[in-house]
Amino acid sequence: MKISIVGSGYVGLVTGACLSDVGHEVTCVDNNVEKIEMLNHGEMPIFEKGLKELVQSNVEDERLFFTTNIKKATEDAQVIFIAVGTPPDEDGSADLQYVLAVAKDIGNYMNGYKVVVDKSTVPIGTADLVQATISEVLQSRNASHEFDVVSNPEFLKEGVAIDDFMKPDRVVIGTNSERAKKIMHEVYTAFTFQHDRIIFMGIRSAEMTKYAANAMLATKISFMNEISRLCEQVDADVEDVRTGIGSDHRIGYSFIYPGAGYGGSCFPKDVKALIKIAHKHNSTARILEAVEEVNDEQKLVLVKKIVQHFGNDLSDKVFSIWGLSFKPMTDDMREAPSRVIIKELIKKGAKIQAYDPEAMKESKRIFGDNPNITYFEDQYSALKNSHALLLITEWRQFRMPDFDKISNLLKEKVIFDGRNQYEPVQMEELGFSYYCIGRPKLS
Ligand SMILES: NC(=O)c1ccc[n+]([C@@H]2O[C@H](COP(=O)([O-])OP(=O)(O)OC[C@H]3O[C@@H](n4cnc5c(N)ncnc54)[C@H](O)[C@@H]3O)[C@@H](O)[C@H]2O)c1
């Protein structure tokens with residue numbers, strides 16, 4: 001099947017690579033010329049495990065193409081995915097300008113029946129807007145092509161995106177059209193050989209499913225972070241509580257890790273957008289508002305602990321940061337807790353020595369040439385002459401570090417662990433002042 005994907009970011013690129021790998025002929029489109037040039041030279045604009053190899057092999061087999069030419073991509077394809085960004089508007093609602101711009105382009109170049117697929121995360125009712133936008137443009141061209149707009153939200157997780165796409169828990173497709181249903185089944189059939197994991201539903205339910213899924217996951221995280229704060233007050237250990245409740249299969253172990261707050265390109269913006277959707281429809285979003293508030297506070301929990309230890313004036317202090325990306329296995333720093341923590345520490349006068357296995361380039365882009373941040377090529381050299389280590393992202397290589405080396409390199413033996421990676425008892429035995437999330441102080 002000939003498929004075009006408009007928007008070659010995280011979702012578009014992974015979708016394109018995976019769909020081409022099962023035999024579809026896929027053209028990935030982007031209006032960012034630099035990005036398309038990079039891709040045509042075999043370079044990846046993002047770090048995602050396995051993506052480069054997958055792209056390379058499908059480009060070589062002539063099933064995957066990159067272009068800025070949306071006209072040709074629209075004309076040639078039977079199915080067109082819209083996978084552009086839907087960032088928060090000033091008021092937090094999803095900004096649909098990119099989605100609707102693509103809808104206009106599709107209307108302009110449509111030359112026959114197409115299935116237009118909303119892959120971007122969009123507010124409930126957006127498929128209708130896309131439908132109306134395309135119809136308007138067709139009318140202005142005096143053209144009368146048939147088309148269907150389908151909602152097919154994406155559930156991949158950055159870091160394991162290829163695996164998630166190749167072996168999805170489910171593929172949600174919102175459509176009322178039998179014709180589109182058949183075509184979408186063909187698009188995804190190779191991914192659901194083992195058992196049919198395609199869930200067909202109404203368009204608005206599919207749009208809502210995506211928001212509800214992310215809101216539920218964000219709620220689990222904020223819930224656990226709130227419990228962790230309470231644990232600190234009542235001298236309970238949140239790690240025991242976590243295993244205690246996770247073992248209940250109705251609750252489960254995933255997404256109940258206390259930490260430095262959730263970030264990324266999806267949870268923060270989708271929770272905000274769902275709150276706005278609720279307000280727009282005169283409904284309440286009390287749980288979601290609390291989820292967001294708890295998360296904003298949680299991003300500052302490590303800073304609070306630092307002030308508790310060192311005082312509010314940090315002007316002669318240097319802090320080493322391990323982990324900048326919002327989670328391991330990605331270089332994505334959108335809404336990452338590290339950004340809030342770094343800004344706050346610098347505001348209090350501190351200097352930062354940072355290390356991340358993949359996100360340092362992105363951090364340099366975000367913070368520019370801020371003289372208060374220095375980057376290091378390995379995790380240990382970032383510790384030299386520093387007053388404390390802050391672990392913010394739980395990359396695997398930080399899990400069992402050489403504590404003797406850490407002791408020798410740090411000026412003061414202090415660790416602030418934003419992801420509960422180490423054991424308080426061991427830290428005390430090694431002579432560290434150790435701060436973590438929601439665990440009782442030993443002495
Ligand atoms: N990143 C994730 O983990 C993830 C997971 C599930 C869903 N989503 C959703 O998928 C959507 C895309 O997210 P992303 O992370 O891939 O975004 P992204 O910012 O990485 O990529 C979007 C791409 O669209 C391109 N673009 C914008 N306007 C365009 C236009 N008019 N024509 C052609 N290209 C255009 C941009 O240049 C960019 O390359 C969002 O709605 C997001 O919420 C993201």
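Let me begin with a definition: a residue is called buried under 20% relative accessible area, exposed over 50%, and partly exposed in between, using a 1.4 Å probe and protein chains only. The model under discussion is predicted, so local features need pLDDT of at least 70 and side-chain atom pairs count only at pLDDT 80 or more, while totals for chains, interfaces and linings use all residues. Residues are numbered from 1 along each chain as its sequence is written, and side-chain values use heavy atoms, with hydrogens and water left out.

I turn to the aromatic residues. Rings of Phe, Tyr and Trp, the last through its six-membered ring, pair if their centres lie within 6.5 Å; planes under 30 degrees apart count as stacked, over 60 as edge-to-face, and the rest as tilted. Under this rule there are 14 aromatic pairs. One of them joins Phe310 and Phe319 edge-to-face, at 5.5 Å centre to centre and with 70° between the planes. Phe310 counts as buried because its relative accessibility is 14%, and Phe319 is buried at 0%. Phe310 and Phe319 belong to one aromatic cluster with Phe416 and Tyr435.

Two arginines are placed over rings. The criterion is that NZ of Lys or CZ of Arg is within 6 Å of the ring centre and within 35 degrees of the ring normal. Arg170 has its charged end over the ring of Phe155, 3.6 Å from the centre. Arg179 lies over the face of Tyr113, at 3.5 Å from the ring centre.

Next, the sheet. Helices (H or I, at least four residues) and strands (E, at least two) are DSSP runs numbered from the N terminus, and two strands pair if DSSP finds at least two bridges between them. Six strands make an open sheet in the order E11-E10-E9-E12-E13-E14, with parallel pairing. Which strands stand at the edges? They are E11 (373-375) and E14 (433-435); each has a single partner strand, so one side of each is left without a neighbour in the sheet. From one strand to the next, the twist averages 20°. Strand E10, residues 351-355, runs parallel to E11 and is joined to E11 by three bridges. Within this pairing, Gln353 stands opposite Thr374 in E11.

Contact here means heavy atoms within 4.5 Å; axes are lines fitted to C-alpha atoms, for helices over the stretch in contact, and angles run from 0 to 180 degrees between N-to-C directions. Helix H13 (residues 301-310) touches strand E9 (318-322), strand E12 (388-391), strand E13 (414-417) and E14, and its direction makes about 160° with that of E13. Helix H14 (residues 337-347) touches E9, E10, E11 and E12, at about 155° to the direction of E10. Among the residues of H13, Val301, Leu302, Val303, Lys305, Ile306 and Phe310 are buried. Gly311 follows H13 and has a positive phi, near 90°.

Strands E5 (residues 114-118) and E6 pair in the parallel sense over five bridges, and Val116 has Val149 in E6 as its bridge partner. Of the five residues of E6 (147-151), five are buried. In a regular strand the side chains alternate between the two faces of the sheet. In E6, Phe147, Val149 and Ser151 point one way, whereas Asp148 and Val150 point the other way.

As for charged pairs, a salt bridge requires a side-chain nitrogen of Lys or Arg within 4 Å of a carboxyl oxygen of Asp or Glu. The structure holds 25 salt bridges. Lys269 and Asp270 form one of them, at 2.9 Å from N to O; Lys269 is buried at 14% relative accessibility, and Asp270 is buried at 2%. Another joins Lys157 and Asp164 at 3.0 Å, N to O. Here Lys157 is partly exposed, with 36%, but Asp164 counts as buried at 18%. Arg334 and Asp332 also meet at 3.0 Å, N to O, with Arg334 partly exposed at 40% and Asp332 buried at 6%. Salt bridges that share partners join Glu158, Asp332 and Arg334 into one network.

Finally, two loop residues. Asn142 is not a glycine, yet has a positive phi of about 60°. Asn142 is placed in the loop between helix H6 (126-140) and E6, and is exposed, with a relative accessible area of 75%. Asn385 has a positive phi near 60°, lies in the loop between E11 and E12, and counts as partly exposed at 48%.
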